[in-house]
Amino acid sequence: MTARRNDEFLLFVNHASPRLSKLAWALTGSDGGADDLLQEALVRTYAKWRAIAHQEIDPYRYARRIMLNLTTDSVRAKARRRLAESRWVSERSTSPPAAPATDGDPAELVARLTAHQRRVITCRFLEDMSVRDTADELDITENNVKVTTNRALAALRSILTLEETHG
């Protein structure tokens with residue numbers, strides 16, 4: 001890659017990293033997971049930088065899409081592992097561990113949602129995307145975006161209500 005393209009990529013990284021970092025944290029719910037997700041997205045963006053520049057693709061949108069796809073792939077892989085494990089491990093009736101208190105920290109609240117809900121909420125509210133744009137970005141229906149948003153917001157309200165009554 002030419003020095004000019006490297007410089008362009010570095011400018012992009014310096015400009016976009018704070019926003020991409022917030023997005024990564026919202027998608028993963030942890031500092032370590034966010035760092036890994038951001039790093040992988042930037043590596044993959046760099047690998048396609050020539051095509052991005054040549055085709056006049058928005059590099060932020062490209063990196064964001066990579067992050068969303070990686071998160072989806074991770075959720076699917078975990079689900080496959082759990083399914084495989086459940087075939088070999090007997091089911092025990094245990095109650096799920098209690099979720100830690102959040103002190104109302106929005107980031108911690110969002111981290112307690114399902115991965116799909118986090119992706120939708122992140123696109124809708126952190127990225128300020130419309131229902132249609134969110135559906136296009138996540139390759140789901142607009143109705144799925146609406147239903148998931150409503151369920152995620154209901155879950156957040158429930159968490160807050162429980163913490164108010166028990167906290």
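Q117 is buried, with a relative accessible area of 13%. Buried here means under 20% relative accessible area, for a 1.4 Å probe and protein chains only. This is a predicted model, in which local features need pLDDT of at least 70, side-chain atom pairs count only at pLDDT 80 or more, and totals for chains, interfaces and linings use all residues. Residues are numbered from 1 along each chain as its sequence is written, and side-chain values use heavy atoms, with hydrogens and water left out.

Q117 sits in helix 6. Helices are DSSP runs of H or I, at least four residues in length, numbered from the N terminus. What does Q117 touch, leaving aside residues up to four places away in sequence? Its partners are T148, R151 and A152, where contact means heavy atoms within 4.5 Å.

Just after helix 6, D128 takes a positive phi of about 55°.

Next comes helix 7. The axes of helix 6 (residues 115–126) and helix 7 (residues 131–138) come within 9 Å and cross at roughly 135°. Axes are lines fitted to C-alpha atoms, for helices over the stretch in contact, and angles run from 0 to 180 degrees between N-to-C directions. Helix 6 and helix 7 are therefore oblique to each other. On the helix 6 side, R119, V120, C123 and R124 make the contact; they meet V131, T134, E137 and L138 of helix 7. By class, this contact of helix 6 with helix 7 has four nonpolar, one polar and three charged residues. Asp, Glu, Lys and Arg count as charged; Ala, Val, Leu, Ile, Met, Phe, Trp, Tyr, Cys and Pro as nonpolar; the others, Gly among them, as polar.

Now turn to helix 1. Helix 1 (residues 3–28) has a kink of about 50° at A16, shortly before the proline P18. The bend is the angle between axes fitted to the seven residues ending at a residue and the seven starting there. A16 is also one of the buried residues of helix 1. Just after this helix, G29 takes a positive phi of about 80°.

Helix 1 packs against helix 2 (residues 31–47) at about 145°, with their axes 9 Å apart. The contact of helix 1 with helix 2 divides into 12 nonpolar, six polar and one charged residue.

Methods
Helix = DSSP H or I, 4+ residues; strand = E, 2+ residues; numbered from the N terminus. Parallel < 35°, antiparallel > 145°, perpendicular 65-115°, else oblique. Buried < 20%, exposed > 50% of the residue type's maximum accessible area, 1.4 Å probe, protein only.
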